[in-house]
Amino acid sequence: MNSELHLRPTRVAVVGVGNVGTTFAYALLLSGLAAEIVLIDSNHAKAEGEAMDLNHTVPFTHPTHVWAGDYSDCAGAIVTVVAAGAGQKTGETRLDLIKKNAGIWRNIVPSIVKNNPNGILLIATNPVDVLTYAAWKLSGLPHERVIGSGTILDTARFRYLLSQHFRVDASSVHAYIIGEHGDSEVPVWSLANIAGMRLAEFCKAQGLSHDQKQMDEIFVQTRDAAYRIIERKGATFYAVAAGLMRITQAILRDQSTVLSVSSLVKDYYGMSDVCFSLPTLVGRGGIEKVIHLELTAAEIEQLKHSAEVLRKTASTLEL
């Protein structure tokens, strides 16, 4: 990271002011983590309106400079969150979106990096894994500085549903969804635990029954949550914005937090040259280290399938 960035006000740029981008900007403003928030969108009037609305929030929160800008305003941003692109429609998979969103990526990513070659790209647009890979290729940035939101949301959904089932606080559940943020994602049942005990052990200690069929149903609910929400309200944005906020916090505060984000995979059980999610240390420089999980043979095969799904999709792009 360029040391000059530390001498400037903490700036975060948001490209794309749809539901996700604006909800993230609002959460960031409330947090007080950023001194400057710039909103960039092809619809500049929309970005101006969102900036005006957010500025009227400042008296209730923290002194923050919020404005609608252009790509030149990405200069000096520690993190640029990219939430631009078409949203997922009812009956549409995240991978279907690649046809809509890959084209605009060829304009957005180079424009950001031209003005900010030293910052971190945080990708939120779906299909997030493939577009994270595309952003890495198009940007020419070190892979450590191109991060996708990945399965941070799926992991949160997984932990929430498990917490409801076991009647404990969600923060006491330690479980991960890895691989694609999408239909081929993988639940790591072998390492899921509460209070350091695997789920079957926890159930035994608490006098509860452990039914794997119920666990499998929880995973299905996790995997398909976005479809159910989109059917009802048209889009998902609160939880993913909170996930983006958590990643941004880990970067700005250099926390070395373990988060299930998407990044370039290198020789992970033989898998390389693809972006998907694994528990990862995230800090000021972006990706610090990908954690190597001791997976079961079945989980490894599921992860390899997920990687292949993503690799095939990425191969259709002209990068």
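This is a predicted model: local features need pLDDT of at least 70, side-chain atom pairs count only at pLDDT 80 or more; totals for chains, interfaces and linings use all residues.
Helices (H or I, at least four residues) and strands (E, at least two) are DSSP runs, numbered from the N terminus. Both R11 and E36 are buried, where buried means under 20% relative accessible area, exposed over 50%, and partly exposed in between (1.4 Å probe, protein chains only).

## Salt bridges within helices

By this rule the count of salt bridges is 6. One of them joins the side chains of K46 and E50, with 2.7 Å from N to O; because these residues are 4 residues apart in helix α2 (residues 44-55), about one helical turn separates them. K46 has a relative accessibility of 33%, so it counts as partly exposed.

In helix α10 (residues 297-314), R311 and E308 lie 3 residues apart, about one turn of the helix, and their side chains meet in a salt bridge of 3.1 Å, N to O. R311, with a relative accessible area of 28%, is partly exposed, and E308, at 34%, is partly exposed as well. Elsewhere, a network of salt bridges links R228, E231 and R232.

## The nonpolar cores

In soluble globular proteins, nonpolar side chains tend to be buried together. A nonpolar core is here a set of buried Ala, Val, Leu, Ile, Met, Phe, Trp, Tyr and Cys residues joined through side-chain atoms within 4.5 Å. The largest such core has 46 residues, of which W105, L121, I123, I178, F276 and L303 touch the most other members. At least two residues of this core come from each of β1, β2, α3 (98-115), β5 (120-123), α4 (128-139), β12 (257-265), β13 (274-283) and α10. Apart from this core lies another, of 42 residues, including V12, A68, L252 and L259.

Leaving aside neighbours within four places in sequence, L121 is in contact (heavy atoms within 4.5 Å) with residues including T80, V82, V109, I112, A135, L141 and R145.

## Basis of the values

Residues are numbered from 1 along each chain as its sequence is written, and side-chain values use heavy atoms, with hydrogens and water left out. Local features need pLDDT of at least 70 and side-chain atom pairs count only at pLDDT 80 or more, whereas totals for chains, interfaces and linings use all residues.

Methods: A salt bridge is a side-chain nitrogen of Lys or Arg within 4 Å of a carboxyl oxygen of Asp or Glu.
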